[in-house]
Amino acid sequence: MRYVSTRGRAPVLGFEDVLLAGLARDGGLYVPESWPKLDPATLKGFAGRPYHDVAAAVMRPFLGGAVDDKTFDTMVREAYATFDHAAVAPLVQLGPNDWVLELFHGPTLAFKDFALQLLGRLLDHTLERRRRRATVVGATSGDTGAAAIEACRGKDAIDVFILHPEGRISQVQRRQMTTVPDANVHNIAVQGTFDDCQALVKAMFNDLAFRDALNLSAVNSINWARVMAQIVYYVTAAVALGAPDRAIAFSVPTGNFGDVFAGYGAKQMGLPVAKLLVATNRNDIVARFFDSGTYRAGKVEATMSPSMDIQVSSNFERLLFDLCGRDGAAVDAYMSEFAAKAEYRVGDNQLAQARPVFDAARINEPETAKTIARVLAETGWLPDPHTAVGLAAAKMKRGDPSVPMVTLATAHAAKFPDAVERATGIRPQLPPRLADLGRRPERCERLLNDVAQVKAYIRANSRVAAGVH
């Protein structure tokens, strides 16, 4: 298995090099040179098997032999043993042919744990084998940071620096990051938006001298391994509901487009996906694209679903690459135009390729709150605000009632207690292992939205920069 950059000017790499690189050196994102396939017999064979068995089988082709089967099987088993539910990603039925896929049973109560519990192990294994140390840098709109820190904390070969937008994530999200005491964990509160944090990370990766000096690696969904691991739960959910003999539709709360791109990856591998419904809050750049073919950044607006408060969806470039016929030069031209004008428009033929697979819906704040209350009253199941956006979109764009609709439940309601309490009058409680989160001491550095200042902080605190081996 080889990987190519979406912009066509970076070296073609194998899995381990893509894992360590994160962002390609030409500013693009890595994608498989070709998609491995899951035939109907293989999909049927997944029925009833433990999650970790299916996960290892689905992901193994992407490794291209970089990790031996026994070692990889052990990593996968250990990654999902950290989850609180025996099914790992259980389905819950909310109505006739309507389901939620609970993706919040991991250590940090969000879907990011599915990828990052494995990514941390893969990074540690690869660095140890190569006798290297890495400086992991990431931006978070709330959930990635906690999951990345949980995956990387205490790892001797890794220092992890996570940027979050100050005051724009929930208190639980912040404390899940800032109360981790391990010395290799560094939290940075940036005075700006998530898009600012993401731009800082990309600027650091695009400074090749800085990148090489500190051995930068990424945990954001720009890292291919993140997308690879998220493909799995689309497969397990679809098989449980009758795939490959029937097609399944998915409603996906969407910010950075990585989770929904994983669904697209599952479809490319042969999973019968009837529709991928892109569910956004009022930060709706992706929904507007599927309506018009124009990708135009707006101003980030704060909402009750803060992990989706994004106006530049990094992973969308991976889809754009396919819509352009995998022409890296065409993608490079679009991204240069976007850098200059904060927008680009694709041709009608490219938009026509996307529409049979994708639909989109924008959900406003009152509708999100109303959905939290409605779903609780009708079913007894309590969604967080991000999942509520997905559920509202699924109701709005339901389509054929004979096709199962699965909404991805991306976070536990207790991560957003204020929003849920305002909507329902009920304040969801954290699991016992996190019950004292509000009393744990915090540790965080406040920095300006300034790449030089952020670089200086990372350089001063990275053991790679200090020459520690």
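This is a predicted model: local features need pLDDT of at least 70, side-chain atom pairs count only at pLDDT 80 or more; totals for chains, interfaces and linings use all residues.
Me: Is strand E5 (residues 134-139) largely enclosed or open, and how many of its residues are buried?
Reply: Buried here means under 20% relative accessible area. Strand E5 is largely enclosed by the rest of the structure, because the buried residues number six of the six.

Me: Which residues of E5 point the other way from Ala134, Val136 and Gly138?
Reply: In a regular strand the side chains alternate between the two faces of the sheet. In E5, Ala134, Val136 and Gly138 point one way, and they are buried. The residues pointing the other way, also buried, are Thr135, Val137 and Ala139.

Me: Which residue in E6 stands opposite glycine 138, and what handedness has the crossover from E5 to E6?
Reply: E5 pairs with strand E6 (residues 158-165) in the parallel sense, over six bridges. Within E6, the residue opposite glycine 138 is isoleucine 162. Between E5 and E6 the chain passes through helix H6 (residues 143-152), and this β-α-β crossover is right-handed.

Me: What is the bridge partner of threonine 135 in E8?
Reply: E5 also runs parallel to strand E8 (residues 216-218), joined to it by three bridges. In E8, threonine 135 has as its bridge partner leucine 216.

Conventions:
Residues are numbered from 1 along each chain as its sequence is written. Side-chain values use heavy atoms; hydrogens and water are left out. Buried means under 20% relative accessible area, exposed over 50%, partly exposed in between (1.4 Å probe, protein chains only). Helices (H or I, at least four residues) and strands (E, at least two) are DSSP runs, numbered from the N terminus. Two strands pair if DSSP finds at least two bridges between them. A crossover is right-handed if, with the strands pointing away from the viewer, the path from the first strand over the helix to the second runs clockwise.
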